[in-house]
Amino acid sequence: MAEFWTIYAWPTLWIIIKILFIVVPLLIAVAYLTYAERKVIGFMQLRMGPNVVGPFGLLQPFADGLKLMAKEAIIPTRSNRVVFLLAPMLTFTLGLIGWAVIPVADGWVLSDINVGILYLFAVSSLGVYGIIMAGWASNSIYPFLGALRSAAQMVSYEVSIGFVIVTVLLATGSLNLSDIVLAQQGLWFFIPLFPMFVIFFISGLAETNRAPFDLPEAEAELVSGYNVEYSAMAFALFFLGEYANMILMSAMTVILFLGGWLPPFDIAPFNWLPGIIWFSLKVSFVLFVFLWVRATLPRYRYDQLMRLGWKVFLPFSLLWVVVTAGAIVAFDWFPT
Amino acid sequence: MIIQALTFYLFALTAIAAGVMVISARNPVHSVLFLILAFFNSAGLFVLIGAEFIAMILVIVYVGAVAVLFLFVVMMLDINFSELREGFLQYLPIGALVGIILAAELILIFGGWVINPDAAQIIAAPSAAPSEITNTHALGRLIYTQYIYLFQASGLVLLIAMIGAIVLTLRSRPSVRRQRIAEQVSRPVEDVIEIKDVPTGSGI
């Protein structure tokens, strides 16, 4: 019996505690990301944003959450019930499980697996299922159109994200996320790989269905796209999952290009702050750019979106993989 | 370890159950979803034998890309379910034949290993099992050094298949008006837009 506790029970309990330490801050971050989005876009458009509930409207996300929980959950009669309910759960789960491999500070990671970056890539490429299942199960035109758009869009931009990841791997020599961050000591990858950084960020916008690539939910033409038929908690799960995905994509950008938890200069005032603070600051900065882009740019037209993905990003990123590999071989810059 | 055994049976049973559901589900979209579940569980089995790279590639390529397109096509098709049911008995003999042949071959292979234990020793072991490097490195070394020509040849096959698919589907339609990006980009700025300096908060 004692063996049962030491070998199975305590490690399991310890892992659950660690998971809670990741998920709870993440959900609070998601709540305040929605608040920040409304505030930032409000100020950029000379409005106040939410300012009624609590001081500066700081309790607004919780009021929204409470409202969604109290609403009636409607399942359309013609819908496919199981798939209809499965879709938001899938989106939400996928938004969370990516965080299992994200190193938020040196050694602060739930599971430091060898193929961390591939795992993240897999999780982000699965995000399309929540949307396509929701669109199909709703049995309604607008959601279905949104889902089809989203499927094509996410598959297209995954390809260039894949090539960007390959370049970073060439420069690192490892698929482990902690190794990728540690390889950036001294020089963050966004300097030598700047074009790939830009491509990754834009593809990240497309992959998370954010403006200017938010065609799956284009409210002007598709009402609200794939989540038209959803209400109450099912809608809330979509919402939470999408924003968690946004934070995950920002964390990926930070780890691949902005040096993860490393301070910008390894000298006195900078390295006083612990790694987690630097990591959060960088993620917040990338998220701010996400919101800034949404407030600034008009939505892409669908054919332009496809052209950008297949005719601009794909050839360019492929070329840059070859250039990077060539440079590494020619100048003998092999990562150790 | 007992947990590993339990997870193996969990993944294996779910994979088989999902596989059965793929062919027995009434709705083709459900079939594809079960297929995805089967892929996932196979990826889990790969992780259990320590092939984490192949597991991730399986998820990325099959679940993340191939199955999405599958689902895409199946959802777009207007399928008459009752008609689909009627064909079932008609194809049953052929399907059963294929299944029996596959089963017989597997039994022959594994039975051979039982009868002659030496045969199991000579199955492909292209290099010693790597102990100090990750299996991503091991695969890379193997594919890009020992099997580079075969690797290139399979790449060529894929390239030809891709070109073939493009040739089959590409048709030029002269009647369609296309956007000429180069023309638009090369227009002088002053012809196209007028920049106004708007003071903040007042509008035009």
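**Reading the pockets**

Modeller: About 2,600 Å³ of space lies in the largest pocket. The model is predicted, with local features needing pLDDT of at least 70 and side-chain atom pairs pLDDT 80 or more, while totals for chains, interfaces and linings use all residues. Residues are numbered from 1 along each chain, chains are lettered from A in the order written, and side-chain values use heavy atoms, without hydrogens or water.

Colleague: What is a pocket?

Modeller: An open set of points on a 1 Å grid over the protein atoms, where a 1.4 Å probe fits, with protein on both sides within 12 Å along at least five of seven lines; lining residues have an atom within 4 Å of a point. The largest pocket has 50 lining residues, and A:Phe163, A:Val166, B:Ile57, B:Tyr144 and B:Phe151 are the closest to its centre.

Colleague: Which elements give two or more residues to that lining?

Modeller: In chain A, H4, helix H5 (141–172) and helix H12 (302–330); in chain B, helix H3 (52–76), helix H6 (135–146) and helix H7 (148–169). H5(A) gives the largest share, 12 residues.

Colleague: How many of the lining residues of the largest pocket are nonpolar, polar and charged?

Modeller: There are 38 nonpolar, 10 polar and two charged residues.

Colleague: What about the second largest pocket?

Modeller: The second largest pocket holds about 970 Å³ of space. Among its 35 lining residues, A:Thr34, A:Asp64, A:Leu68, A:Phe239 and A:Tyr243 lie nearest its centre. Helix H1 (2–44), helix H2 (60–70) and helix H9 (232–257) of chain A each supply at least two lining residues. This lining divides into 20 nonpolar, five polar and 10 charged residues.

Key: Grid points are joined across faces, edges and corners, and a volume is the space filled by probe spheres set on the points. Helices (H or I, at least four residues) and strands (E, at least two) are DSSP runs, numbered from the N terminus. Ala, Val, Leu, Ile, Met, Phe, Trp, Tyr, Cys and Pro count as nonpolar, Asp, Glu, Lys and Arg as charged, and the others, Gly among them, as polar.
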